[in-house]
Amino acid sequence: GACLADFGHNVICVDKEAHRIDMLERGEIPIFEPGLEDLVATNVKQKRLSFTMNLAQAVSGADAVFIAVGTPSRRGDGHADLSYVYGAAKEIAAAITGYCVVVTKSTVPVGTGDEVEKIIREARPDLEFAVVSNPEFLREGAAISDFKRPDRIVVGAETERAREVMSEIYRPLYLNQAPLLFTGRRTSELIKYAANAFLATKITFINEMADLCEKVGANVQDVARGIGLDNRIGSKFLHAGPGYGGSCFPKDTLALVRTAQEAGSPVQI
């Protein structure tokens, strides 16, 4: 939200937690991210960024609404818990006042956008709107840099009008020659899972090589450098260590396995 506001857009951030909104309005950031406090302060001062608990007021008249809620692993089966996404969709449906692009930022299984569209359509049959997938690719600790200088921006949209809205939102990045990749909505949803699964694979692979290096007397750092200099492989995520963790890779790889199983895919993930 702060980065989009810094592009010149008028951004209203909505949250259900009163203490979080109170903190933000006092200029206190509830997460640690280098440079974020100053970025928020600057855009609040310029009246481009504000915070509220009133979703209806924030959504009314908006050109685009971003759903950015948690999708934790569901207990028992490892599926992504989409209750927060669908709950947000229902509230947004009730508040939209004109044509609006509803953008899913949360990491969601393939087909979630279809269900979000269905939820909104059932609530507001006569409403003009579009549902778009726009997955995020940010590293914790480097989020602002990754947002403003991305490898790519992936947008899964089904209509030309939605693509035009998203192009306008990301126009400052496009002018800086960041690749803007338009795909179908389901393809965009899968790109996020595929990217995280591939990075998790690289981490797992180099850890397996580390075990082998210990047994045969080789140096895993040199092995990583030796294969990482190959442009087809690349050096990133080839650092042997305790394995992957964090808030994304474990749940996203598990969710991808469940997606493949439900689709009856012969591919073993």
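The second largest pocket of this predicted model has a volume of about 210 Å³, a pocket being an open set of points, on a 1 Å grid over the protein atoms alone, with protein on both sides within 12 Å along at least five of seven lines. Grid points are joined across faces, edges and corners, and a volume is the space filled by probe spheres set on the points. The second largest pocket is lined by R74, H79, A80, L82, P109, V110, A255, R258, T259, E262 and A263, where lining residues have an atom within 4 Å of a point. By class, this lining comprises six nonpolar, two polar and three charged residues, with Ala, Val, Leu, Ile, Met, Phe, Trp, Tyr, Cys and Pro counted as nonpolar, Asp, Glu, Lys and Arg as charged, and the others, Gly among them, as polar.

Because the model is predicted, local features need pLDDT of at least 70 and side-chain atom pairs count only at pLDDT 80 or more, whereas totals for chains, interfaces and linings use all residues. Residues are numbered from 1 along each chain as its sequence is written, and side-chain values use heavy atoms, with hydrogens and water left out.

A255, listed in the lining of the second largest pocket, also belongs to the contact between helix α10 and helix α12. Helix α10 (residues 185-216) packs against helix α12 (residues 249-263) at an angle of about 115°, with the axes 9 Å apart; the α10 side of the contact (heavy atoms within 4.5 Å) consists of L190, Y193, N196, A197, L199, A200 and I203, and the α12 side of F249, D252, T253, A255 and L256. Nine of these residues are nonpolar, two polar and one charged.

The largest cavity holds about 40 Å³ of space and is lined by T104, S106, T107, V108, S133, N134, P135, E189 and K192. Two of these lining residues are nonpolar, five polar and two charged.

Note on methods: Axes are lines fitted to C-alpha atoms, for helices over the stretch in contact, and angles run from 0 to 180 degrees between N-to-C directions. Helices (H or I, at least four residues) and strands (E, at least two) are DSSP runs, numbered from the N terminus. On a 1 Å grid over the protein atoms alone, a cavity is a set of points where a 1.4 Å probe fits but cannot get out, and a pocket is an open set with protein on both sides within 12 Å along at least five of seven lines; lining residues have an atom within 4 Å of a point.
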